[in-house]
Amino acid sequence: MTTTVAATTIKARQRPGDRVFSTATVVSGSLILAVLAAVALFLLVESLPAFVAEADAFSGETNNFMEYVGPLVFGTVWAAILALLMAVPVAIGIALFISHFAPRKLAQGLGYLIDLLAAVPSVVFGLWGITVLAPLVRPFYVTLTEWFGWFPLFEGPVSGTGRTILTVAVVLAVMILPIITAICREIFLQTPLLHEEAALALGATRWEMISMAVLPFGRPGIISASMLGLGRALGETMAVAMVLSPSAEVIFQLLTAENPTTIAANIALNFPEAHGVGVNILLATGLILFLVTLVVNMIARVIINSRKAFSGAN
Amino acid sequence: MNFKRFGRPAAIAFVAVIALSSCAANEGDTASTGDGAESTLTGTLNAGGASSQGAAQEAWAAAFQIANPDVTINYDPSGSGAGREAFIAGGSGFAGSDSYLSEEELAGEFGACAPDTLAVDLPVYISPIAVIFNVEGVDELNLDADTLASIFNGTITNWNDAAIVALNPDATLPDLAIAAVHRSDDSGTTENFTDYLAQASTTWGEEASDTFPFGGEGAQGTSGVVSAVTNGVGTIGYADASQVNDLSTVALKVGDEFVAYTPEAAAEVVAGSPLVEGRAADDLALDLNRQTTNPEEYPLVLVSYAIVCNEYADAEQGELVNAYVTYMASEAGQAVAEESAGIAPLSAELSENVASILATVK
């Protein structure tokens with residue numbers, strides 16, 4: 001309805017600075033697309049031999065690429081979901097504490113501390129996982145199987161070293177906590193003050209105010225924060241490779257010595273000694289990981305878009 | 001905070017650390033190797049292969065470069081397979097490999113070698129593999145190959161299993177689940193361990209492979225296995241003997257006795273092993289005698305080879321490889337690697353054999 005306005009756009013004279021700047025932004029913008037396309041193309045070309053590889057190129061009882069990559073995809077998603085299940089509630093709690101409960105000075109300090117956690121390299125988390133966490137949680141796992149062993153997830157026998165998928169999920173949860181917390185905190189802080197005050201004025205307690213005003217407003221933010229966390233958990237390599245006791249099967253038990261491994265960790269473990277078509281197979285699993293993260297992000301996009309209408313954001 | 005006040009000294013300290021720590025290895029104190037005369041060797045030698053040789057190659061390269069200041073040695077511990085591939089393609093001067101060249105590889109061309117000449121395998125690195133365990137109240141453990149194989153393939157699952165008790169009448173073995181830890185990455189250590197079990201036991205049921213064929217606990221790298229065994233409960237694993245620290249190790253049954261690993265016993269089994277049949281006379285590929293019954297010998301060893309050309313297309317490269325590999329196999333070189341990487345030095349006879357073959361490499 002405003003076509004007439006568009007027609008009379010005023011054109012300013014282009015100064016050299018303008019041109020340089022706009023060119024720079026265009027180049028940067030297309031560069032990232034080009035890099036992404038190059039990576040995808042590289043993965044695609046390199047993985048072609050893997051899809052047609054003979055059965056003897058795969059170790060063990062695997063006969064083709066799909067059989068090989070299936071358990072890995074399961075392990076990747078499984079570990080990431082477990083980590084997310086643990087990290088998201090805690091992250092929301094921390095974020096709410098910082099944004100709505102803690103005294104301002106404490107909140108600031110805590111915020112810095114959480115951000116600091118994000119700067120710890122994953123190798124350090126891996127070392128912590130094998131030397132501290134795994135021996136620490138093992139007795140707890142033993143009790144868990146004794147009491148809840150009838151539930152398939154907690155079936156024994158417990159791993160002798162505690163380096164199970166649950167331990168990995170705890171490590172991953174700690175690793176993705178900072179990014180989820182940081183985003184949730186920012187979102188919660190942006191809740192319109194009017195909403196909060198209106199809720200309180202209607203007689204809501206602080207918890208009711210949070211559940212009525214803050215959380216609905218922040219829901220898309222929480223989801224996108226979780227998806228960012230999920231992305232990191234899906235791609236995490238070093239910590240998983242170091243902590244997990246892997247096997248190439250689909251296993252739901254959380255506490256046994258044999259655990260489904262992740263794509264990234266599997267590449268890290270096997271790449272150094274891989275040669276010939278083995279390299280292609282590993283690169284092809286990389287392509288699958290690329291696709292998995294893409295799909296996960298697309299699903300997140302869809303969820304965020306469909307939920308937008310119900311939040312307080314509009 | 002005043003950033004300038006702290007930033008400047010910090011920056012100076014940082015630069016100083018970088019500047020001081022970047023002194024090269026070949027400016028070191030003594031030129032302990034070489035024959036005293038000024039070295040005339042120059043050039044760069046690029047090689048790659050077995051990661052098991054990594055620590056030893058670092059020590060060898062450092063010592064060799066001190067003796068020959070104009071030489072640069074680069075060893076890329078990219079894995080045996082990758083090392084052989086690069087060598088065959090002509091991308092490296094020699095390859096370090098945990099397994100010798102296959103018939104198939106020998107039938108092909110070698111990129112770095114003079115046309116129509118072959119490459120040979122020379123054993124330069126022997127390392128005993130220790131079976132380590134961590135069971136409370138047990139300091140010494142005797143196992144035979146059958147029992148060890150059953151533990152690692154998951155047939156025996158408890159420490160008080162009759163088979164283990166029978167071999168260890170004096171030990172008090174607890175009622176505790178066994179957690180057998182293997183390497184989760186492909187490795188020459190696994191290949192030699194499974195080769196030993198496949199040859200010496202009747203219960204293993206698989207062939208030798210560098211991927212561990214059964215389930216159980218996996219851990220990344222030698223350090224990962226050692227750490228998993230150390231921190232776990234009722235654990236047993238296998239690792240390069242030089243890395244086992246204070247862990248208790250298993251004595252293996254050889255003949256009628258139980259033999260703990262020692263460098264001497266490891267070198268002994270290699271010295272007592274025949275060459276692989278049907279290969280060129282100057283190819284020292286060893287058919288390791290895993291089924292030995294001589295209690296002087298410890299059969300669970302890893303032998304790693306240097307794969308070199310008989311004749312290099314580039315004579316200068318040949319001279320360089322010859323000098324370096326000769327140094328690796330020499331008494332001095334083996335002593336350096338024993339100190340830094342815990343290898344078992346080659347026996348005098350084998351060392352001489354390697355030297356005499358290298359004398360013809362050009």
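My entries start with ground rules, then go through chain A, the interface and a helix trio in chain B.

**Ground rules.** I am working from a predicted model, where local features need pLDDT of at least 70, side-chain atom pairs count only at pLDDT 80 or more, and totals for chains, interfaces and linings use all residues. Residues are numbered from 1 along each chain as its sequence is written, chains are lettered from A and ligands numbered from 1 in the order in which they are written, and side-chain values use heavy atoms, with hydrogens and water left out.

**Chain A, overall.** I looked up the secondary structure of chain A and found 11 helices and two strands; helices (H or I, at least four residues) and strands (E, at least two) are DSSP runs, numbered from the N terminus. Reading from the N terminus, I noted the order α-α-α-α-α-α-α-α-α-β-β-α-α. The C-alpha trace of chain A spans about 70 × 55 × 35 Å along its principal axes.

**Chain A, annotations.** In an unreviewed entry, UniProt lists residues 73-300 of chain A as "domain: ABC transmembrane type-1"; I keep in mind that annotations may be inferred rather than shown by experiment. Over residues 73-300 of chain A I read 76% helix and 2% strand, with the end C-alpha atoms 18 Å apart. The unreviewed UniProt entry also places "transmembrane region" at several spans of chain A, including residues 20-45 and 72-98. Residues 20-45 of chain A are 100% helix, with end C-alpha atoms 36 Å apart. Residues 72-98 of chain A are 100% helix too, and there the end C-alpha atoms are 38 Å apart.

**Salt bridges.** A:Asp115 pairs with A:Arg185, the closest N and O atoms being 3.9 Å apart. A:Asp115 sits in helix H4 (residues 104-118) of chain A and A:Arg185 in helix H6 (residues 165-189) of chain A, so this pair ties together parts 70 residues apart in sequence.

**Where A meets B.** I find 24 residues of chain A in contact (heavy atoms within 4.5 Å) with 25 residues of chain B. About 1900 Å² is buried between chain A and chain B, 46% of it from carbon and sulfur atoms; buried area is the accessible area (1.4 Å probe) that two parts lose on being put together, summed over both. A:Thr161, A:Leu269 and A:Glu273 supply 29% of what chain A buries against chain B, more than any other three residues. I found one salt bridge across this interface. A:Arg163 forms a salt bridge with B:Glu217, with the closest N and O atoms 3.3 Å apart.

**Helix trio in chain B.** The axes (lines fitted to C-alpha atoms over the stretch in contact, angles from 0 to 180 degrees between N-to-C directions) of H10 (residues 315-329) and H12 (residues 348-358) of chain B come within 9 Å and cross at roughly 175°. That makes H10(B) roughly antiparallel to H12(B), the label for angles over 145 degrees. Among the residues meeting there are B:Val325 in H10(B) and B:Val354 in H12(B). H10(B) also packs against H11 (residues 331-341) of chain B at about 65°, with axes 4 Å apart. I noted B:Tyr327 and B:Met328 in H10(B) among the residues that meet H11(B).

Note on methods. Parallel < 35°, antiparallel > 145°, perpendicular 65-115°, else oblique. Salt bridge = Lys/Arg side-chain N within 4 Å of Asp/Glu carboxyl O.
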